[in-house]
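I opened my notebook to look up a few things in this structure.

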Amino acid sequence: MDWLTPLIFAPIVGSIIIALVPSKQTETIKGVSLIVSIITFILSLFVYAQFDKLGSGMQLSVNVPWVTSLGIHYHLGIDGISLLLIVLTTILTILCVLSSWRSVTHGVKGYFISMMLLTGGMLGVFCALDLFLFYIFWEVMLIPMYFLIGIWGGPKRVYAAIKFVLFTMFGSLLMLVAILYLYFQYHTYAGEYTFDILKLMQLPLPITPQHWLFAAFALAFAIKVPLWPLHTWLPDAHVQAPTAGSVILAGVLLKMGTYGFIRIAMPMFPDATMTFMPYISVLAIIAIIYGALVSMVQKDIKSLVAFSSVSHMGFVMLGLFALNQEAMQGAVIQMINHGISTGALFLLVGMIYERRHTRMIAEFGGLAKVMPVFSAFFMIVMLSSIGLPFTNGFVGEFLILLGTFKANMVYGIFAASGVILAACYMLWMYQRVVFGKVTNPENEKLKDINWRERIILIPLVVLIFFIGIYPSPLFERTEPAVRQVIAHIEKTRQAKMDLQRVDDNTLALREEDANTAPTADNGGEE
Amino acid sequence: MVDYVSTVNPDFSLIAPELVLLIAASIIMVFIPWRKMATFAPAIALLGVVVAFAYAIGQWGHQSSGFAGMVTCDNFGVIFKWIFLTATGLSILLIGQYMKSRGIDRPEYFVLLTISALGMMAMANTTDLVVMFIGLEVMSVPLYVMAAFNRRSLESNEAGIKYFLMGAFATAFLLMGIAFIYGAAGTTNLRQVVTDFNYIAAGRGMYLYAGVALIMIGFGFKVGAVPFHSWIPDVYHGAPTPVTAFFSVAPKAAAVAVLLRIFLYGFADITMVSHSFWVLAVLTMTVGNVLALRQNNVKRMLAYSSIAHAGYILVALTVGTDAAISAAIFYVIAYTFFNLGAFAIVALLETRMGAESEFEELAGLSKSAPYLALLLAVFMFALSGFPPTVGFFGKFYIFRAAIESNFVSLAVIGVLNSFVSVYYYLRVVKTCYFDEAEKPQKAVFVPATVGLALVVTTVATLGFGLFPQQLLQFTKQAIFAFL
């Protein structure tokens, strides 16, 4: 049975239902959104249950022709990597709906419609196995996010919203050209027009076009990750977005960039991946250190968390491009971890912002006394973000560093320094906000977090410890997927090298008797 | 070669839609003195359009020519008939209260509109340059009057005069071009030119090429290609908004039809044609988009955006393959719907007192008229080429054709332009949704006809975006008949 279509379209249908509710009945709208997000979550659990952890390749596939004359298919399917991201998305969506319960006061209907459309788009991206479909979902998501930042955001929301759309659009349009180029290359190779990711992966490409195509895809994905120096939209978008927007942005949207690398850019262009590996690794290391250093000097907690995202996503990129099993699997786990920890951090920041309407670190101090429960949650989440053992952050970062050291010692040393810096900025921030005396009289009467807010945080904290102590369910599911990506890259490269050797031999042979057999030499082009 | 038999027995079924429009226009014209005609004229015109459309549907799939080879009826021409009739019908619907609010609700307008549509249909359904020219004039002369239809407004008068002067200027180029081609080939029928092409090119190539260049300039004016675009912003801005809506789609579609027919059927063997279109396409896209960035009036912005969209269509002309022709037709259809939709809303908002379509007037529209704001946003996303609208698919299809024929650099320039355009289209959305109105806005009254036009355009914009298969099939079959 097709489980993925209902999963993707549940939130989209939900948004239509919300649209039919009169806009005055805000409580009904919130209720419907919550129900829809819970249904989506349950569907994702069904998908999780249906997923065969031992099976390799794409599971739960659906493949229906959509625009037949152009070879566009509605092709869905998931492997372990997409599975985890799907579940992460649906969990965060519920939490976001809950967290917006009080904080969204105007345009409630539009807000929840955007939220649901966004969820549908994100799930679509993680399920799509047709490049055209992937592109559609990738682009469609921009629109609700644009509205979420632009309407419900902070004071500089308009600037942040437009910057977000323009940055992403720039990358994705060039990706569109690359997709089309690939599509015609495959047609020359196999005589079939298709956007099927799995088929396109089999296309052997000469090195130069591979570089260009990789560059186009990598640009689109790197903007989304965001990789230094393409990260400048991120702090603006994060700081201006409403809490739920930041959570989704950090928790899921950024993952689409890294997901794009592992699903499309790396397996499709293995040679280019090898060529670009050092450059991207260096950029990732710069992102790790730069993000951490900039976080350290932030006065606003939310922008601190935003810059810490740059640093953490740098770890993910570094892990992916170490190209070995440990680091890549660590990177995938770290994608999930970052979604959980940073999502939780943004939620926590949102909670104190609702109370004090400021996020300046200097305004706070001594919150441990007035808000003990909040402080406890904050500490757990913060430690998981640093990567303390027994929290999820440790598992991911440790594996990434292990794999990176294996691949390149120098990278490993630099990246490890990022972990230390992370501890510095996080702990220092925590100290200034939570410990000490209550210096600001406005903080004296702050209420601790209520049951709704606790319900939001508890699942995340449970996940933090669960993944930190017993990560094997995640590993079991991502292992075959990651192995397959690496194997595919190796195999294609190996085949290419063999072909090259054969070509060289034939070339040598031809040179020997060049006078007798003057044939056209297209060997290198094919 | 001339088919004398059909001259004796003219086959009127070939021009049935044209005749229907002529009859509708005549009925309105005869009864103009009758006072109530102002209310009946739109209905009669609309009925004419619908009946003509029904006849035009019947013409699909037949390939024939008649009137001594002067009229050609092929799928290519027929699909353009549909486009013109759809644009005309929607333009009648979207007028609503606009003309009344300006005190210019006169029945003559509908005569002009239908006659102009008749001219377009004649242009698209012939291979003879002289008939094309006559069709062009039949189309253009009513347009000049329509531009100046708000005769008490200085700007409208300016638009009319400007359009007329530029149009006359362009016509001169065109006529000179046709004369050169006649001089070189001894015929004005493209079919003959195609048959004897090598012979003509070898003997009197210079004259032929000069003629082709002049024709390209003439239609460059009509389609609004840079550097022949300077009239567009003022004319689009000055003319009454429903007229501008019609201008931005129908005459442009007609010019595209003729460009496709002349250059991809008639002179497809001249390599310089593709090079020239390359330059025109890049200039048109870039200049249109860059200048649109700086506009503070929505109508003017849409005028520049229409230049940019002509540029995307010119990309298809540069490529020139069957896939590109099909993509160009698809794009024209897509553009017709979403651009008319956008203009319908702009016209509606202008029925409020003192509205001039400045950007500030849109502020807070999401509060005062949430549905209109939403539809406007949909059309803006379509114009900027976001999925899942048909605007995305149209662009996708054009760039697909370009990359298929190895015009990768052109496709890259195209998508970068499309990137630039996102900024100014989103500015409309931003103003509607993110900005607060300075003073409370009046509610907007939406007449039923305008509502219908909006429903049709929205359904087409989203429907063809999600399910383009059917429309693609039609555009693929809309190839030239080689009779």
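Where in chain A is the place of A:Pro226? I found A:Pro226 in the loop between helix H9 (207–224) and helix H10 (233–240) of chain A. I noted at once that I am reading a predicted model.

**Entry: two cis bonds**

From A:Val225 to A:Pro226 the bond is cis, and its omega is near -10 degrees. I then looked up A:Pro229, which is found in the loop between H9 and H10 of chain A. The bond from A:Trp228 to A:Pro229 is cis, with omega near 5 degrees.

**Entry: positive phi**

Next I looked up backbone angles. A:Phe390 has phi near 75 degrees, which is a positive value in a residue other than glycine. I located A:Phe390 in the loop between helix H16 (372–386) and helix H17 (392–407) of chain A.

I turned to chain B for another case. Phi of B:Asn406 is near 65 degrees, again positive in a residue other than glycine. B:Asn406 lies in the loop between helix H18 (390–404) and helix H19 (408–433) of chain B. I counted its surroundings as well. B:Asn406 has 12 other C-beta atoms within 10 Å, so it is exposed.

**Entry: chain B as a whole**

The C-alpha trace spans about 70 × 55 × 40 Å along its principal axes. How does the radius of gyration of chain B agree with that of a compact globule? A compact globule with 483 residues would have a radius near 23 Å; chain B has 21 Å, so I wrote down that it agrees. I also looked up burial: 62% of the 483 residues of chain B count as buried. Then I looked at contacts in chain B with a separation of 6 or more. Residues 24 or more positions apart account for 79% of them.

**Entry: a helix pair in chain B**

I picked helix H3 (residues 37–58) and helix H6 (residues 108–124) of chain B. They pack at an angle of about 15 degrees, and their axes are 9 Å apart. That angle is why H3(B) is roughly parallel to H6(B). Their crossing is right-handed. Which residues make the contact? From H3(B) I listed B:Ala41, B:Pro42, B:Ala45 and B:Gly48. From H6(B) I listed B:Phe110, B:Leu113 and B:Thr114. Sorted by class, this contact has five nonpolar residues, two polar ones and no charged ones.

**Entry: where the chains touch**

Last, I looked up how chain A meets chain B. I found 24 residues of chain A in contact with 25 residues of chain B. Helix H5 (131–140), helix H6 (142–152) and helix H7 (157–190) of chain A each supply at least two residues of the side of chain A that touches chain B. Which helix gives the largest share of that side? It is H7(A), with 14 residues. By class, the side of chain A that touches chain B divides into 19 nonpolar, three polar and two charged residues.

Technical notes
Residues are numbered from 1 along each chain as its sequence is written. Chains are lettered from A and ligands numbered from 1 in the order in which they are written. This is a predicted model: local features need pLDDT of at least 70, side-chain atom pairs count only at pLDDT 80 or more; totals for chains, interfaces and linings use all residues. Axes are lines fitted to C-alpha atoms, for helices over the stretch in contact, and angles run from 0 to 180 degrees between N-to-C directions. Helices (H or I, at least four residues) and strands (E, at least two) are DSSP runs, numbered from the N terminus. Angles under 35 degrees count as roughly parallel, over 145 as roughly antiparallel, 65 to 115 as roughly perpendicular and the rest as oblique. A crossing is left-handed if the near helix is turned anticlockwise from the far one by less than a right angle, and right-handed if clockwise. Two residues are in contact if their C-beta atoms, placed from the backbone, lie within 7 Å. Ala, Val, Leu, Ile, Met, Phe, Trp, Tyr, Cys and Pro count as nonpolar, Asp, Glu, Lys and Arg as charged, and the others, Gly among them, as polar. The radius of gyration is taken over C-alpha atoms; the globule rule is 2.2 Å times the number of residues to the power 0.38. A residue is buried if 20 or more other C-beta atoms lie within 10 Å of its own, exposed if 12 or fewer, and partly exposed in between; C-beta atoms are placed from the backbone.
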